[in-house]
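Let's take a walk through this structure together, one piece at a time. Keep the picture open while you read.

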Amino acid sequence: MNGPEDILPEETGPEGTGAQPMRDDPMLAAEWALGLLEGEDLLAARGKYATDPQFAWRKEWWDNWFAPWTDDMAGAAEPGDHVWQGIAGRIAAQAGTEGGGLDAASGGDVIELKVRLRRWQWVAGLTSAAAAVALALLAFAPDNAPVTAPGAVPAQIAAADPMVATVPIGETGLRLDVTWIPASDKMLIAALGLSADGVHDHELWLVPQGGGDALSLGVVAPGEVRSMAVPQDIAAELHNGSRLVLTREPIGGKPEGIDAGPVVAEGAFTRV
Amino acid sequence: MAARPRPASAEAREALREAMERLAAGDQSALEDIYRMTRVKLFGITLRILGDRKEAEDALQDVYINLWQRADRYDPARASPISWLATFARNRAIDRLRTGKVRGGAVGIEEAAPLPDEAPLADALLVDAEQAAQIRECIAGLDERTQTHIRAAFFDGHTYAELAEQADVPLGTMKSWIRRGLQRLRACLEASEMA
């Protein structure tokens, strides 16, 4: 049976030797599938593939028929471990993190974390920049166990799920994304919508569940995603549901001995 | 017709199909599973075409990164996952051969590292046996010379010009031989699709 793309030959070989078979599109597709083409012919075939569904169909028809031959090529060797490492690294890099440096074992964990972060973005509305930095923290932080002890990672992370808080700022539509990653003792504060007014800074506070003074998480850097190491006393106070408040302060944050400024926004942590 | 696939093979194909489906649904952890299941087979392909371990590994990386970026390109209605992946790997290797300075060709056996025991799936992941038998039968219907050149194009990634040079015939002659062979091959394969 002839394929639907059977059309009149559009070209004969330039080196015609009398009995030169026609080079119609199906022939070009066959030559390409076999890998014979180079230069102009190759470009022409690629162009047709992109624009002509019948040609594309025929190319794939040939690919499919030739595919069993690859069985005779396979199984001779094992690629080096660095190949997967490179794949995982490139993927992490393209996801917007600081790429490279993954070992083969942690590569899979990073991909798994990436999936989780994506889910998280949906659930918590986490900005993608913040998610990307969170991933980078998990994967690349020098004091982070996943890199040095890949085998221990999944259990560790499962035991210490990250928490996210979004802190909407009034009716502005602006907000802070705060991510706490117990496995890395790092907190991530994304203040992408904020801009500095030159007169004020904003300071973020954790409200201890048992009462007592709010614990400062520091001055927020407007328009940036920053990570901070979390001191032990603060880490001990971070729980599912922990409240955060944002206050307006003079430049540099709340001065010693003076009450904190007005609360302009608040939010609470949710485990994800 | 060839023997029915062994259960191990059916299992491996199903595992791969399932991983491809997860990847297409956006689950990127599926990529690692796909890599584990197919790396040996696909590396065999890129190594054969490129003839250089380093280049073949680079091509292999390309393949999986591309797969991750465009998992939606695979159409399950058109080809089995392994058939599609194998074709994809070979095409990427050929592309690299055509654009780079790599010299293709068969790989010496000393290049081939021994396979670890934990890579048994490469064996099980054969492209459809019935299809394999059919293309073999159709190829066998061509004259010896044409068979040799068509196979050399497929297995070693040679161009018309390279084949003509090796056979020491004019380029036009080589094109005629191969095109005639491809015409007959197509007729035979299409006849089998009708059967």
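In chain A, strand 1 (residues 163-169) and strand 8 (residues 263-271) run antiparallel and are joined by four bridges. A quick word on terms: helices (H or I, at least four residues) and strands (E, at least two) are DSSP runs, numbered from the N terminus, and two strands pair if DSSP finds at least two bridges between them. If you want a spot to look at, Ala165(A) sits opposite Phe269(A) of strand 8 in chain A.

Strand 8 of chain A also has antiparallel strand 7 (residues 243-250) of chain A as a partner, with five bridges joining them. Here Leu244(A) stands opposite Gly267(A) of strand 8. While you're looking at strands, remember that in a regular strand the side chains alternate between the two faces of the sheet.

Before going further, some ground rules. This is a predicted model, where local features need pLDDT of at least 70, side-chain atom pairs count only at pLDDT 80 or more, and totals for chains, interfaces and linings use all residues. Residues are numbered from 1 along each chain as its sequence is written, with chains lettered from A and ligands numbered from 1 in the order in which they are written.

**The two chains**

Chain A has nine helices and eight strands, while chain B has nine helices and zero strands. Going from the N terminus, the elements of chain B read α-α-α-α-α-α-α-α-α. The table puts a few totals next to each other. In it, a residue is buried if 20 or more other C-beta atoms lie within 10 Å of its own, exposed if 12 or fewer, and partly exposed in between, with C-beta atoms placed from the backbone. Two residues are in contact if their C-beta atoms, placed the same way from the backbone, lie within 7 Å.

| Chain | Buried residues | Contacts joining residues at least 24 apart, among those at least 6 apart |
|---|---|---|
| Chain A | 40% of 272 residues | 59% of contacts |

**A helix tucked away**

Is helix 1 (residues 25-34) of chain A buried or exposed? Here 10 of the 10 residues are buried, so the helix is largely enclosed by the rest of the structure. Among these buried residues are Asp25(A), Met27(A), Glu31(A) and Trp32(A). What covers them? The cover includes helix 2 (39-51) and helix 3 (53-66) of chain A, together with helix 7 (144-156) and helix 9 (171-194) of chain B. Just past the end of helix 1 of chain A, Gly35(A) has a positive phi of about 95 degrees.

**How helices pack**

Two packed helices are described by the angle between their axes and the distance between the axes. Axes are lines fitted to C-alpha atoms, for helices over the stretch in contact, and angles run from 0 to 180 degrees between N-to-C directions.

Helix 1 of chain A packs with helix 9 of chain B at about 100 degrees, their axes 10 Å apart. The two are therefore roughly perpendicular to each other (angles under 35 degrees count as roughly parallel, over 145 as roughly antiparallel, 65 to 115 as roughly perpendicular and the rest as oblique). Pro26(A), Met27(A) and Ala30(A) make the contact from helix 1 of chain A, and Arg179(B), Leu182(B) and Arg186(B) make it from helix 9 of chain B.

Within chain B, helix 3 (residues 53-69) and helix 4 (residues 81-99) pack at about 125 degrees, with axes 9 Å apart. That makes helix 3 of chain B oblique to helix 4 of chain B. Residues making this contact include Ala59(B) and Val63(B) of helix 3 and Phe88(B) and Ala93(B) of helix 4.

**Two residues in chain B**

Asp168(B) lies in the loop between helix 8 (160-167) and helix 9 of chain B. Its phi is near 55 degrees, a positive value in a residue other than glycine. With 6 C-beta neighbours inside 10 Å, Asp168(B) counts as exposed.

Arg151(B) belongs to helix 7 of chain B. It counts as partly exposed, with 14 C-beta neighbours inside 10 Å.

The model scores ipTM 0.85 and pTM 0.56. Chain B averages a pLDDT of 82, and 82% of its residues score at least 70 (pLDDT is the predictor's confidence in each residue, from 0 to 100). Over residues 1-6 of chain B, though, the pLDDT is below 50. It also stays under 50 over residues 105-123 of chain B. Where pLDDT is low, the predicted coordinates should not be read in detail.
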